[in-house]
Amino acid sequence: PSPQQAADGLAAAYAWGQANLAAPAVHLRVNLQRTSPATLSEALAAAGIQAQPSPLTGPLNLAVARGGAPASLPGYLDGHFSVQDPAATFAVARLRLAQAPSLIVDLCAAPGGKSGHLAEIFPAAQILAVDVNPDRLRRVGEAAARLGHAHVHLAALDGTNPTPLLAQLQQLAPGDAPGADLVVLDAPCSGMGTLRRHVELRQRDAPPEATGLLALQAQLLESAAALLRPGGSLLYCVCTPIRAEGPAQIAAFVARHPDWHCSDARQLWTDVDGCDSFYLATLVRP
């Protein structure tokens, strides 16, 4: 790089690092099936809690100052909101599909934020929330019950093996063509985009390839692809700015599957977008 490019890179890295030193606000994703941003804002204000819309997602995410437990906020028990960073909200809200999906898989679903958001955007779809950890999957079910999402179904299965997942999908939609219309994969990653809320990650010095994360992400991408019907879409997400976990994974997948194409990709930055540093890409099966 030129001296100016190097200087710009250092300045950007410094700005990003400084942004990760500040504790984030708590963001509430409004459940539009049960309330509205204005109604929830009014309820919070009546309880002495000021809420501000997210610069990234607008009033769909309301930022409230850190303090008491979210479960103590007005509307929690009525399923009026979920706690979710705007980056994760943005990833699902940004989806542009040719038609509304009837069958969706949320792979690596726990703790369930994206399953809930998908259920709110696509109320007519059946959603299979998958996680290998039964205890974490239980949290997905609890959240779905609180939010009123009866069309979210749970499967405690290994996401790297598509065969039993395809069988589960056939049970949800017998007689339909095998597979799903949309698969969401929020893959296990280094989590380096969440430094504001996970300060212990600042001590991590092992690159993701040394921990096996890159191989796992690639394996999960292949499994997610095997779950899709022709013409279906795969949303891949990681909460990290590390290129090897984001753009490079997608480039390697497309190199292995040249008939697929990436219809959308975006890297979010904490200092620029006011959210976790987060990569998302949508792949379309031919």
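Predicted model: local features only at pLDDT ≥ 70, side-chain atom pairs only at ≥ 80, totals over all residues.
Lys and Arg are counted as positive and Asp and Glu as negative, with His and the chain ends left out of the count. On this basis the chain carries 19 positive and 23 negative side chains. The centres of the two sets lie 2 Å apart.

The secondary structure of the chain consists of nine helices and eleven strands. Along its principal axes, the C-alpha trace spans about 55 × 50 × 35 Å. Among the contacts with a separation of 6 or more, 73% are accounted for by residues 24 or more positions apart.

The accessible surface of the chain amounts to about 12,900 Å². Carbon and sulfur atoms contribute 58% of this surface. Of the 286 residues in the chain, 49% are buried.

Helix α4, which covers residues 113–121, is mostly covered, with seven of its nine residues buried. The buried positions in α4 are Lys 114, Ser 115, Gly 116, His 117, Leu 118, Ala 119 and Glu 120. One of these, Ala 119, is also touched by His 151.

His 151 is located in the loop that runs between α5 (134–147) and β7 (152–155). The relative accessibility of His 151 is 13%, and His 151 therefore counts as buried, the cut-off being under 20%. When residues up to four places away in sequence are set aside, His 151 touches Ala 119, Phe 122, Pro 123, Ala 125, Gln 126 and Ile 127.

Aromatic pairs were also examined. A pair of aromatic rings is described by the distance of the centres and the angle of the planes. Rings are paired if their centres lie within 6.5 Å, and by this rule the count comes to two aromatic pairs. One of them is formed by Phe 253 and Trp 260, with 5.2 Å centre to centre and 85° between the planes. Because planes over 60 degrees apart count as edge-to-face, the pair of Phe 253 and Trp 260 is assigned to that class. Phe 253 has a relative accessibility of 0% and so counts as buried. Trp 260, at 8% relative accessibility, likewise counts as buried.

How values were computed: Residues numbered from 1 in each chain as written. Heavy atoms only, no water. Helix = DSSP H or I, 4+ residues; strand = E, 2+ residues; numbered from the N terminus. Buried < 20%, exposed > 50% of the residue type's maximum accessible area, 1.4 Å probe, protein only. Contact = heavy atoms within 4.5 Å. Areas by Shrake-Rupley, 256 points an atom, 1.4 Å probe, with all protein chains shown as cover. Charge placed at Lys NZ, Arg CZ, Asp CG, Glu CD. Phe/Tyr/Trp six-rings, centres within 6.5 Å; stacked < 30°, edge-to-face > 60°.
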